[in-house]
Amino acid sequence: MALVLSAALGIQTSSQAGPPPLVNFSAEEQARIAAHGPWPMPRQRDPGNRVDGQAAAIELGRLLFTETGLSASGKLSCAACHMPGSEFQDGRRFTRHGRNTPSLLNARQQRWFGWDGAADSLWAASLMPLIAVDEMAATPATGLALLKAKAALGVPYQALFGVPQADEALLVNLAKSLAAYQATLVSPRTQFDEFRDGLVAGDAVSSARVTARYPAAAQRGLKLFVGAGRCFLCHSGPSFSNGEFADIGRPFFTPNGVDPGRWGGLNRLLSSPYNRLGAFSDAGRDDPSAQATRHVLMEPRHFGEFKVPGLRGQLATAPYFHDGSATTLHEVLRHYSEVDENRLHADGANLIKALKLSPGQIDDLVAFLGSLSTPVDAPANPPTRP
């Protein structure tokens, strides 16, 4: 039976003990694997944020990130929900708007921000909780008072932006500093990256090295991911996300009513004075990165769509989905295995199909997803089924 299963999965078997067997990836599958790297991706500065990438702005943003004095109550900071010791999220099922708090790692790679994409830049996404009355509720007055009270904040602010004034621009500038810091938060290279790079290199030495390091279960899960599981269609690229939105069959209802998802996010984005088309962008309306905002359209299919998350570091970011309804990766995969396709709406472009996975296949996919969280110098211990 073991030989039959190995043959069915395309695994090379051996009677001798040694490294885990290398799954036989087709040329097409190898190309899909290669497209998920290299990692980390090259740094690209945001033209809409003139201080992005500047060391002084990054340091100011780092200090502001844990600064409770930035909130109206004096008790809340960005780090209260995006905890540095917890992959920059809080581990709770949901907080504001009945949604799970996403990690900030690799945020610089995104085009849309938040589960509904209500912001089109990292600095605008940073501004939203800063001024929200049910979050930090900062005002120009509280921001100015903080800068005057703490020279460690006021001095670098003035060097970057000029003399602070109690106006709307002050809060935008603080958000741009916060964004400059968050753009430095990148998840580490993982066992998958080592395997991927060795596979791309194609030489015997690299292949032997990465095969010995990469668990057989993770290899089988990877083959499913880029093959029959079709996961790569949405979780694409080095960040393992296409950055767009999809209805995946999760309920729209929240403790506060109905969550419209991308539909509501687009409504907020297009009416926001802080989007890339607005006066607060340092690049102006002709910025190429503003073209997506200029041409995006609200369509009925967007109701109930939520952003496709990146998959790096997922072991440490439970619970999962926008509503935090899955506590383990096994639960996530069981959802996709059993999803009701009649419940989905995508105007004929639906990419999600019920996968009908076996328990073993789910285990393999979880092992693969675990390898996206396991640094290259850590032991290979894929998570087991609960």
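## Charges over rings

The charged end of R312 sits over the ring of W39, at 4.0 Å from the ring centre, where a charge counts as sitting over a ring if NZ of Lys or CZ of Arg is within 6 Å of the ring centre and within 35 degrees of the ring normal. In another such arrangement, the charged end of K176 sits over the ring of W123, 4.8 Å from its centre.

## The model and its confidence

This is a predicted model, in which local features need pLDDT of at least 70 and side-chain atom pairs count only at pLDDT 80 or more, while totals for chains, interfaces and linings use all residues. Residues are numbered from 1 along each chain as its sequence is written, and side-chain values use heavy atoms, with hydrogens and water left out.

The mean pLDDT (the predictor's confidence in each residue, from 0 to 100) of the protein chain is 88, and 87% of its residues reach 70 or more. Over residues 1-18, however, pLDDT stays under 50, and for this stretch the model has 14 contacts beyond four places in sequence, a contact being heavy atoms within 4.5 Å.

## The chain as a whole

The protein chain holds 14 helices and four strands; these are DSSP runs numbered from the N terminus, with helices being H or I of at least four residues and strands being E of at least two. Of the 386 residues of the chain, 47% count as buried, where buried means under 20% relative accessible area, exposed over 50%, and partly exposed in between, using a 1.4 Å probe and protein chains only.

The accessible surface of the protein chain comes to about 17,500 Å², and 57% of that surface belongs to carbon and sulfur atoms; such areas come from the Shrake-Rupley method with a 1.4 Å probe, and for residues only the protein chains shown count as cover. Among contacts between residues at least 6 apart in sequence, 71% join residues at least 24 apart.

In soluble globular proteins, nonpolar side chains tend to be buried together. A nonpolar core is here a set of buried Ala, Val, Leu, Ile, Met, Phe, Trp, Tyr and Cys residues joined through side-chain atoms within 4.5 Å. The largest one has 40 residues, of which L64, F65, L70 and L174 touch the most other members. The elements that give two or more residues to this core are α3 (55-65), α4 (122-131), α5 (140-149), α6 (151-161) and α7 (168-182), and the largest share, nine residues, comes from α7.

L70 touches L64, L130, M136, A138, T142, L146, L174 and L178, when residues up to four places away in sequence are not counted.

## Aromatic pairs

A search of the whole structure finds twelve aromatic pairs; rings of Phe, Tyr and Trp (its six-membered ring) pair if their centres lie within 6.5 Å, and planes under 30 degrees apart count as stacked, over 60 as edge-to-face and the rest as tilted. The rings of F25 and F195 have centres 6.2 Å apart and planes at 65°, so this pair is edge-to-face. F25 lies in the loop between α1 (2-9) and α2 (27-34), whereas F195 lies in helix α8 (residues 191-201), so the pair ties together parts that are 170 residues apart in sequence. Both F25 and F195 are buried.

The rings of F225 and F240, with centres 5.8 Å apart and planes at 65°, also form an edge-to-face pair. This pair links helix α10 (residues 216-226), which holds F225, to the loop between α10 and β1 (245-246), which holds F240, and the two residues are 15 residues apart. F225 is buried at a relative accessible area of 2%, and F240 is buried at 0%. Ring pairs link F192, F225, F240 and F368 into a cluster.

## A buried threonine

T293 is found in helix α12 (residues 291-295) and is buried, with a relative accessible area of 2%. Leaving aside residues up to four places away in sequence, T293 touches W112, D120, L269, L270, N275 and L277.

## Backbone details

Most residues other than glycine have a negative phi, and most peptide bonds are trans.

Phi of F88 is near 60°, a positive value in a residue other than glycine, and F88 lies in the loop between α3 and α4.
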